Amino acid sequence: MTAPPPVTVLLVDDDPLVRQQVRLVLSLEDGIEVIGEASTGQAALEQVALLDPDVTLMDVSMPVMSGIDAAKALRARSSRTAVIALTAMDADDVVVAMLEAGALGFVPKEYAGEDLATAVVRVARGEGYVSPYCQPALFRLLTMPRGGAAKDEAVRRLGGLSPRERAVADLVATGARTVDIARALHVSESTVKTQLESIRAKLDVSSREEIAVLVERARDDSQGMT
């Protein structure tokens, strides 16, 4: 009996070490083949068009184009690839942003070795998969503000930032690194780090991904963020 073709996978993460580790994890699994890599959301779109993978493992926070925006773009192009969000955080806002952008799965990087292969196989079959470590966040989403209320809440929270902090938050939403933000605003990296700490405290968030989600929600909740 002829074995079925392997599930083909594209790895998308701006950290080459993470890509190497994920590739190693998947290489140990029969029936899964990593066929390409990308380090930005924009490069991911190009690689998906070129390689047509069954599954794309997509980091959320990347330079040039975030994983959220890349997932939206793939959905808009009616790409057949199924997206699994791969991130260091399991924050509620990040979960909902990626799922609403079109992702069918969500796996935190710190537990990728435990259930990544399962996620790839299930999502390739058209099923959804959320890591058990993220399920509490998914359940909390049921009580989150929806539609215009979500946008209004994001606008309210961002309104507490100073103009400079809002500029930093907007750049974070583009996937810019600390050094990129410092250059764009003509300040030192230490100043940016201090402002990021203040932004996280004021917004009551713990990650750049959560900052990016709030900025996107405040800007426009009509493209999959409702």
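Modeller: Let's take the labels one at a time.

Modeller: This is a predicted model, where local features need pLDDT of at least 70, side-chain atom pairs count only at pLDDT 80 or more, and totals for chains, interfaces and linings use all residues. Residues are numbered from 1 along each chain as its sequence is written, and side-chain values use heavy atoms, with hydrogens and water left out.

Colleague: What does the secondary structure come to?

Modeller: There are 11 helices and six strands. Helices (H or I, at least four residues) and strands (E, at least two) are DSSP runs, numbered from the N terminus.

Colleague: What makes α8 roughly perpendicular to α10?

Modeller: Helix α8 (residues 163–173) and helix α10 (residues 189–203) pack at about 90°, with their axes 10 Å apart. That angle makes α8 roughly perpendicular to α10, since the label covers 65 to 115 degrees, with under 35 being roughly parallel, over 145 roughly antiparallel and the rest oblique. Axes here are lines fitted to C-alpha atoms, for helices over the stretch in contact, and angles run from 0 to 180 degrees between N-to-C directions.

Colleague: Which residues of α8 and α10 meet?

Modeller: From α8, Arg164, Glu165, Val168, Ala169 and Val172 meet Gln195, Leu196, Ser198, Ile199 and Lys202 of α10, contact meaning heavy atoms within 4.5 Å.

Colleague: How do you know that the span of α1 agrees with what a helix should have?

Modeller: The expected span is 1.5 Å times one less than the number of residues. For the 12 residues of α1 (residues 16–27) that gives 16 Å, and the end C-alpha atoms are 16 Å apart, so the two agree.

Colleague: Which residues of α1 are buried, and what puts them on the same side?

Modeller: Val18, Arg19, Val22 and Leu26 are the buried ones, buried meaning under 20% relative accessible area, exposed over 50%, and partly exposed in between (1.4 Å probe, protein chains only). They cover an arc of only 100° around the axis, so they sit on the same side of α1; the arc is that of the directions from the helix axis to the C-beta atoms. On the other side of α1, Pro16, Gln20 and Leu24 are exposed.
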